[in-house]
Amino acid sequence: MAIVIHGADEIAKMRVAGEIAAGTLAYVASKLRAGVTTKDIDNWVREDTARRGALPSQLGYKGFPAAVCTSRNEIICHGIPNPEHVLVAGDIVNVDVTSNIDGYHGDTSATFQIGEVSDDARKVTDVCFRCLNAGISVVRHGARLGDVGAAIMEIASKEGCGVVEEFGGHGIGRKMHMAPHVPHNGTAGRGVRLRAGMTFTIEPMITIGHPRVVQLDDGWTVVTHDGSPTAQFEHTVLVTKDGYEVLTAQRTPLPLIRPGFLEGEQAGGEPALAGPA
Ligand code: MF3
Ligand code: CO
Ligand code: CO
């Protein structure tokens, strides 16, 4: 399928959609703590999306039963919010928000740490965040999708981490999922050539061990084969002549949910931060 090149009016709408998705993700981030359930996150996304005059793109998408994907610990992606799944200190959780306003979609996710997490969980989260930024950094008119995948792979390999290959980023615009497929692995100089006006997501899923995936019987939840923790970060990106524009950028870095926060000590110190540099 042909890849859409967006004009100025469409780009303006994509900026609005991206800002809304980013805003809702930040809203969730501000409320995350031990004791909340992943269904609470779904409720917050529904409320906040409506407040912004948008629609949650994921709700009902191919039958998906919620407004947001909440992927905890060994869940790679497409975790379904559940009122019985309570976040506890030591968990990491990816929250993936997609918003539709005026017919255009914005898609972004981040992995949050609840309290003190294991070395593996912290490592996979940090490496994944760096992988996303590395992938974004090579985007420009004339570059290739293989450049993006290669940049992600380079960091993951150096850190001994795995890159999930079964799922990738995707074109986004008038639909949540459009051409092209955006692999998170690849060879520099190969693949689809990028042109100014293309919009797509980059959303690497990184593992500690081998990146083999297992699909659960619910038809959605995808987990690591060995139960090891896994992380994902996602942005919606516009290709420009000289580089890129991150349409889902955070104005201020997202908070990491660290122990001081849980113990109510945050007033006394700076919250730990994670977010686009
Ligand atoms: N937001 C997800 C993505 O990054 C879409 C998940 S599809 C759903 O592509 F149906 F599970 F929501
Ligand atoms: Co996406
Ligand atoms: Co997403």
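**Reading one residue, then a sheet, then a site**

Mentor: Let us begin with Asp91, which sits in the loop between β3 (75-77) and β4 (92-101); strands here are DSSP runs of E with at least two residues, numbered from the N terminus. This is a predicted model, in which local features need pLDDT of at least 70 and side-chain atom pairs count only at pLDDT 80 or more, while totals for chains, interfaces and linings use all residues. Residues are numbered from 1 along each chain as its sequence is written, chains are lettered from A and ligands numbered from 1 in the order in which they are written, and side-chain values use heavy atoms, with hydrogens and water left out.

Trainee: Is Asp91 buried or exposed?

Mentor: Buried means under 20% relative accessible area, exposed over 50%, and partly exposed in between, with a 1.4 Å probe and protein chains only. Asp91 counts as buried because its relative accessibility is 6%.

Trainee: With which side chain does the side chain of Asp91 make a polar contact?

Mentor: A polar contact is a pair of N or O atoms within 3.5 Å; within protein, one must be able to donate a hydrogen and the other to accept it, and residues adjacent in sequence count only if both atoms are side-chain atoms. For Asp91 the partner is the side chain of Asn73, at 2.8 Å.

Trainee: In what order do the strands of the open sheet of 3 strands lie?

Mentor: Strands of a sheet pair through backbone hydrogen bonds, either parallel or antiparallel. Two strands count as paired if DSSP finds at least two bridges between them. Here the order is β3-β12-β11, with antiparallel pairing, and β3 and β11 (213-215) are the edge strands, each pairing on one side only. Between β3 and β12 (residues 222-224) there are 2 bridges, and Ile75 stands opposite Val223 in β12.

Trainee: Which residues does the UniProt annotation "binding site" cover?

Mentor: UniProt positions are given in the numbering used here, and annotations may be inferred rather than shown by experiment. In this unreviewed entry, the annotation covers Asp107, His170, Glu203 and Glu234. They span 128 residues in sequence, yet no two of their C-alpha atoms are more than 10.8 Å apart, so they gather at one spot.

Trainee: What do the side chains of Asp107 and His170 reach?

Mentor: Asp107, in strand β5 (residues 104-113), makes a side-chain polar contact with the side chain of Thr98 at 2.9 Å. His170 belongs to strand β7, and its side chain reaches the backbone oxygen of Met176 at 2.9 Å.

Conventions:
Helix = DSSP H or I, 4+ residues; strand = E, 2+ residues; numbered from the N terminus.
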